[in-house]
Amino acid sequence: FSFNAPQGACPTCNGLGQLSVFTEEKLCDPKLSMSDGALRCFTERGNILFTRIDERHMNDLYRQFSINRRTSWKKLPEETRKLVLHGNAEVPLGISNVFRFSGQLRKKIQNGQWPGIIAILQFVYRFAKGPLEKFQETSVCPDCEGRRLNPTALAVRFHEQDIHSLSEASLEEAILFFESIELSVREEKIGRDIFREIRDRLHFLNDVGVGYLNLNRSAATLSGGEAQRIRLASQLGAGLQGVLYVLDEPSIGLHQSDNLKLIETLKKLRDRGNTVLVVEHDEETIESADHIVDVGPVAGLNGGEITAQGSLHDI
Ligand SMILES: [Zn+2]
């Protein structure tokens, strides 16, 4: 059931949920001719990025297929544009004919066999993804429609839900689902430990105020505060003792009710025998501290002195 494993992943997109393909729109400048640089994947030195495929290959190609290199890309017949990009033959590409010996591929072209610019880029992409991404268009995978799993994994349903529809739910909705389902004796027996684990983890996350997030939300799109609170939730799950936690303004961006939950969470960590050091401007959080260290008297250059410390009552 994991898109990170070949058994679960959609084979078309390898579990990414989206496909990146090289397209004519991204690769070619329609106003320019090929001799003026219509193909954007060529460097100023005249080779295809990272390869030994260069002007000599292109000259062979123009000659062999009678292509006018001075015609602007958009005025070339569709057939020709297709040939340049998609080729006319399945020429095996490898390290030696792409990166090392330019003669090998030239011989093929002179024999009328051309793999196409896109096939070459797809080969290079295996070694250098980043620099080639600008020539690609990303779209939702047509086979799994962004669900990232293969049909077999998606065919398994639990109380009307497949794993994707559950991942699309917010944490709050997922908690509701797992609390409202009525388990059969058999399900209870099989899933006892799993259900406990699922409920615990969902609650840990909800307790730190991120209950509105979807389970399938990608980590890269989280705000700093959200990421920090999620790490906190995983610490709650770990149940460690004797640890010093240092948090920098964990309340940032939280609604008041969520802030109270967060404070309760921090107290739970403390009660387990940990030390929680929080840098905070939020009054509620400060008032909840066992020991306050007030740094001031103002911010910036004129601050930095400890102006008061002790319990809330003392100060
Ligand atoms: Zn897919």
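The legends below describe close-up views of a predicted model.

**View 1. The largest nonpolar core.**
This core has 34 residues, and those that touch the most other members are Leu-27, Met-34, Leu-39, Trp-73 and Ile-117. At least two core residues come from each of helix 2 (55-65), helix 3 (78-86), helix 5 (102-110) and helix 6 (117-125). Helix 6 gives the largest share, seven residues. Another core, of 22 residues, lies apart from this one; Ile-181, Ala-233, Tyr-245 and Leu-266 are among its members.

**View 2. The surroundings of Met-34.**
Leaving out residues up to four places away in sequence, Met-34 touches Leu-39, Met-58, Tyr-62, Ile-67, Arg-69, Thr-71, Trp-73, Leu-76 and Val-84. Of these contacts, Leu-39 and Trp-73 are, like Met-34, among the core residues that touch the most other members.

UniProt lists residues 29-126 as "domain: UvrA DNA-binding", in an unreviewed entry. In the model, the chain over residues 29-126 is 45% helix and 0% strand.

The structure holds 16 salt bridges. In one of them, the side chains of Glu-24 and Arg-81 meet, with an N to O distance of 3.2 Å. Glu-24 lies in helix 1 (residues 24-27) and Arg-81 in helix 3, so the pair ties together parts that are 57 residues apart in sequence. Glu-24 is partly exposed, and its relative accessible area is 28%.

Arg-106 and Asp-60 form a salt bridge in which the closest N and O atoms are 2.7 Å apart. Because Arg-106 lies in helix 5 and Asp-60 in helix 2, the pair ties together parts that are 46 residues apart in sequence. Asp-60 is buried, because its relative accessible area is 4% and buried means under 20%. Arg-106, at 24% relative accessibility, counts as partly exposed.

Lys-268 forms a salt bridge with Asp-207, and the closest N and O atoms are 3.4 Å apart. This pair links distant parts of the chain, with Lys-268 in helix 12 (residues 256-271) and Asp-207 in helix 10 (residues 185-207), 61 residues apart. Lys-268 counts as partly exposed, at 41% relative accessibility.

Phe-1, Val-156 and Ile-163 make a nonpolar surface patch of about 280 Å². Ile-163 belongs to helix 8 (residues 163-168). Ile-163 is partly exposed, with a relative accessible area of 32%.

How values were computed. Residues are numbered from 1 along each chain as its sequence is written. This is a predicted model: local features need pLDDT of at least 70, side-chain atom pairs count only at pLDDT 80 or more; totals for chains, interfaces and linings use all residues. Side-chain values use heavy atoms; hydrogens and water are left out. Patches are made of residues with over 30% relative accessible area and no salt bridge: like charges are joined within 9 Å, nonpolar side chains (Val, Leu, Ile, Met, Phe, Trp, Tyr) within 5 Å. Accessible areas come from the Shrake-Rupley method with a 1.4 Å probe; for residues, only the protein chains shown count as cover. A salt bridge is a side-chain nitrogen of Lys or Arg within 4 Å of a carboxyl oxygen of Asp or Glu. Helices (H or I, at least four residues) and strands (E, at least two) are DSSP runs, numbered from the N terminus. Buried means under 20% relative accessible area, exposed over 50%, partly exposed in between (1.4 Å probe, protein chains only). A nonpolar core is a set of buried Ala, Val, Leu, Ile, Met, Phe, Trp, Tyr and Cys residues joined through side-chain atoms within 4.5 Å. Contact means heavy atoms within 4.5 Å. UniProt positions are given in the numbering used here, feature names are shortened, and annotations may be inferred rather than shown by experiment.
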